[in-house]
Amino acid sequence: MPPRLAPRAGLPPRSRAGARTAEPAPPVRRGRRAVVAGRVIAAVLSVALLAGSGWGWYLGRVADATVNRTDAIPAEGNDGAGEAMNLLLVGSDSRSSLTEEQLAELQAGTDSGVNTDTMILVHVPANGARASFVSFPRDSYVEIPGHGMDKLNAAYAYGYAGVDAGASENQKQAVGAQLLVQTISRLSGLEIDHYAEVDLLGFFNLTSVVGGVEVNLCNAVDDSRWSGAVLPAGPQVISGADALKFVRQRHGLPGGDLDRIVRQQVFIAGVLRQMLSDEVLLDLGKQRELVEAAAESLTVDKNLNLLQLAEQMQSVTAGSIDFQTVPNLGPDTEGSMSIVRLEDADTVLEFFADLSAEPEEAPEAAAPPAPADPSDVSVAVFNGSGTSGLAAKAQGELEAGGFSVASAGNADSSDYEQTEIRHAEGDEALAAAVAAVVPGAVTKVGDDVPSGTVQLVLGSDFNGIGQATDAQAPEAPAAPSDAPRTAADTGCIN
């Protein structure tokens, strides 16, 4: 690449992968927080639209030159099959990369070690048309391979602490990540293809680059004592310290940590909407800023190709990105330990099997039959509109159009709001001829309709033969209470 286009051009040299040496910097960032894990997907979505271009290739090179790598995918205990991609996003509650001033500003307390407090499995089907984010409560009571039953967020720590004392920090983190991957794979029945950690400081960079993220609170919150979150009710744009406090709050929320998971999902959704907005997709400079901010904040497995990930997701939209939480029974206790009790193993496995099932191709619809000639159609007219004389009027208009009218009279009710065309199985061509002169009428098969005759039931929407019926107000389907939230949803949350 020409020097002026090199991804590292103008940046201080590195003494090791992921660390600059020309100016003082925080320690190598090992603590990760997946509250902003959406940047893994979000920052490359804009690349996806340009994946086949030189600019897309260039951004891919920029990301690969900056991102940190770790050996996170284990050779054993990571089972599953299929062409879909499963990416585990992880964030720890470590504050080791924050200064004393930053800890005070964020009310982040002291370093809590290497427990992973946020874990999200991102499933992308082979066709890349959608993406599912499934959150795991940190206190999920699960079996950790080789360590028995414990909280899920202890898996990484067990692996990290189980390495020989002489091992490097990178080796400890890799083993911790591998044990977490094995635990999630066993729990879900899915093979984890890729792994990414997100650090806390990168959170500020991302919210600054995207100009903040819009969230919507049902009620005002004042969690001054714990997370520091003090926010009004209603839609608002948050960034920086306020955004971090928003996703960290759990005290004072009805669902505690489960509500905090919803906060994290909503924040990721807001970031994704920003990534898909014109002000990002049409701004090459902002695209580069986002890619750089994301890559510098990430530690990913050795084989994750960010540009290929972007290409796989180039069909995704905000409405096709959904957020769920692993099936659970809510907070519980195990001895003296507070946990989140998951549904039984079969239920959890079935949940992920449904999540990862490739949609069946719908059978190709048969071409509608050509309408029969009106002279070959016998029609029985029934007036269900409540308007006197309408059947006789329709009879005259049908006969003038060449149809044969077998009878005309009243329907079984005068409360029909919508005009219906009923026919016997096999008489589709006859019904199509009537439907052609009553646009908007509903056509249906009637078991009691004699073969060879089409019944025309006039509703209050009927305006005459040759005229369209009055448009019916569409019925909004009721969303099931357990429907996943999508990235397009902007309703209020706790």
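Good morning, colleagues. I begin with the confidence of the prediction. The average pLDDT of the protein is 82, and 78% of the residues score at least 70. One stretch calls for separate mention: over residues 1-52 the pLDDT stays under 50, although the model has 141 contacts beyond four places in sequence for these residues.

As to the overall make-up, the secondary structure comprises 14 helices and 23 strands. Of the 494 residues in the protein, 49% are buried. Among contacts with a separation of 6 or more, 73% are between residues 24 or more positions apart. The protein exposes about 22,300 Å², and carbon and sulfur atoms supply 49% of that area.

Which residues have the most contacts inside the largest nonpolar core? They are Leu87, Leu89, Val122, Ala131, Phe133, Ile321 and Phe323, in a core of 31 residues. Helix 2, residues 54-66, gives the most to this core, with four residues. Apart from this core lies another, of 29 residues, which includes Leu121, Val142, Ala154 and Tyr160.

Neighbours within four places in sequence aside, Ala131 is in contact with His123, Val124, Met313, Val316, Ser320, Ile321 and Asp322.

Next, the aromatic residues. How many aromatic pairs does a search of the whole structure find? The search finds three. One of them joins Phe133 and Phe323, with 4.9 Å from centre to centre and 35 degrees between the planes, a tilted arrangement. This pair links distant parts of the chain, since Phe133 belongs to strand 6 (residues 131-136) and Phe323 to strand 15 (residues 321-325), 190 residues apart. Phe133 and Phe323 are both buried, and both are among the residues with the most contacts inside the largest core.

A further pair is formed by Phe351 and Phe352, which are edge-to-face, with centres 5.0 Å apart and planes at 85 degrees. Phe351 and Phe352 are likewise buried. Together with Phe136, these two residues form one aromatic cluster.

I now come to a helix in the interior. Why can helix 7, residues 240-248, be called largely enclosed by the rest of the structure? Eight of its nine residues are buried, so the helix is largely enclosed. The buried residues of helix 7 are Gly240, Ala241, Ala243, Leu244, Lys245, Phe246, Val247 and Arg248.

A search of the whole structure finds one disulfide. Cys218 and Cys492 form it, with their sulfur atoms 2.0 Å apart. The link is right-handed, with 85 degrees about the S-S bond. Where in the chain do Cys218 and Cys492 lie? Cys218 is in the loop between strand 10 (213-217) and strand 11 (221-223), whereas Cys492 is in the segment after strand 23 (485-486), 274 residues apart. Cys218 is partly exposed, with a relative accessible area of 32%. Cys492 is also partly exposed, at 40%.

Finally, I wish to consider two residues in loops. Pro137 lies in the loop between strand 6 and strand 7 (141-144). Is Pro137 buried or exposed? Pro137 is buried, with a relative accessible area of 0%. Not counting residues up to four places away in sequence, Pro137 touches Leu152, Leu258, Ile261, Thr325, Val326 and Val340. From Pro137 to Ile120 the C-alpha distance is 9.1 Å, while the two are 17 residues apart in sequence.

The other residue is Leu304, in the loop between strand 14 (298-301) and helix 11 (306-312). Leu304 is buried as well, with a relative accessible area of 4%. Which residues does Leu304 contact, leaving aside its neighbours within four places in sequence? They are Arg69, Leu87, His194 and Leu309. Of these, Arg69 is 235 residues from Leu304 in sequence, and their C-alpha atoms are 8.9 Å apart. Leu87 has already been named among the residues with the most contacts inside the largest core.

That concludes the presentation. Thank you for your attention.

Conventions
Residues numbered from 1 in each chain as written. Predicted model: local features only at pLDDT ≥ 70, side-chain atom pairs only at ≥ 80, totals over all residues. Heavy atoms only, no water. Phe/Tyr/Trp six-rings, centres within 6.5 Å; stacked < 30°, edge-to-face > 60°. Buried < 20%, exposed > 50% of the residue type's maximum accessible area, 1.4 Å probe, protein only. Core = buried A, V, L, I, M, F, W, Y, C linked by side-chain atoms within 4.5 Å. Contact = heavy atoms within 4.5 Å. Disulfide = S-S within 2.5 Å. pLDDT = per-residue confidence, 0-100. Areas by Shrake-Rupley, 256 points an atom, 1.4 Å probe, with all protein chains shown as cover.
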